[in-house]
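This briefing walks through a few local features of one protein model, grouped by topic. Please keep the sequence and the structure in view while reading.

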Amino acid sequence: MKPTDAIREMVAGSGKNATVVSQDMGRSGEYIRSTLANSRHPSMSVLNAVAKACGYDAELVNEKTGEVIRIK
C-alpha cells in the first residue's frame, strides 16, 4: 500500500474529516489535503502523526520473523 493510500484509509476509518485530522496534528486545516496532493511520499514521522490523530498505532513488522516494532 502506498503511504498516501494509508493516510486516506486512516482518515476515512477515523470518522473525522481531513481538516479535523490536520488540526489534531497541530497543523493547518489543509495539511492532509496538501500532503495527499504532493507527489512525494510522506515521511514515517508524518505517517505516525496521522495515525495517532486518527486513533491508530503505527507498527513495523518483519515479514520473515513476525517481529513487531510499535512506533510511538
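Leu60 is partly exposed, at a relative accessible area of 44% (buried means under 20%, exposed over 50% and partly exposed in between, with a 1.4 Å probe and protein chains only). The model is predicted, so local features need pLDDT of at least 70 and side-chain atom pairs count only at pLDDT 80 or more, whereas totals for chains, interfaces and linings use all residues. Residues are numbered from 1 along each chain as its sequence is written, and side-chain values use heavy atoms, with hydrogens and water left out.

**Around Leu60 and Met44**
- Leu60 belongs to strand S1, residues 58-61, while Met44 is found in helix H4 (helices, H or I with at least four residues, and strands, E with at least two, are DSSP runs numbered from the N terminus).
- Met44 is also partly exposed, with a relative accessible area of 37%.
- Not counting residues up to four places away in sequence, Met44 touches Ala58, Leu60 and Ile71 (contact means heavy atoms within 4.5 Å).
- Between Met44 and Ala58, which are 14 residues apart along the chain, the C-alpha separation is 9.2 Å.

**Asn48**
- Asn48 lies in helix H4, which spans residues 44-54, and is buried, with a relative accessible area of 9%.
- Leaving aside neighbours within four places in sequence, Asn48 is in contact with Ala58, Ile71 and Lys72.

**Charge and ring**
- Arg27 lies over the face of Tyr31, 4.4 Å from the ring centre (this requires NZ of Lys or CZ of Arg within 6 Å of the ring centre and within 35 degrees of the ring normal).
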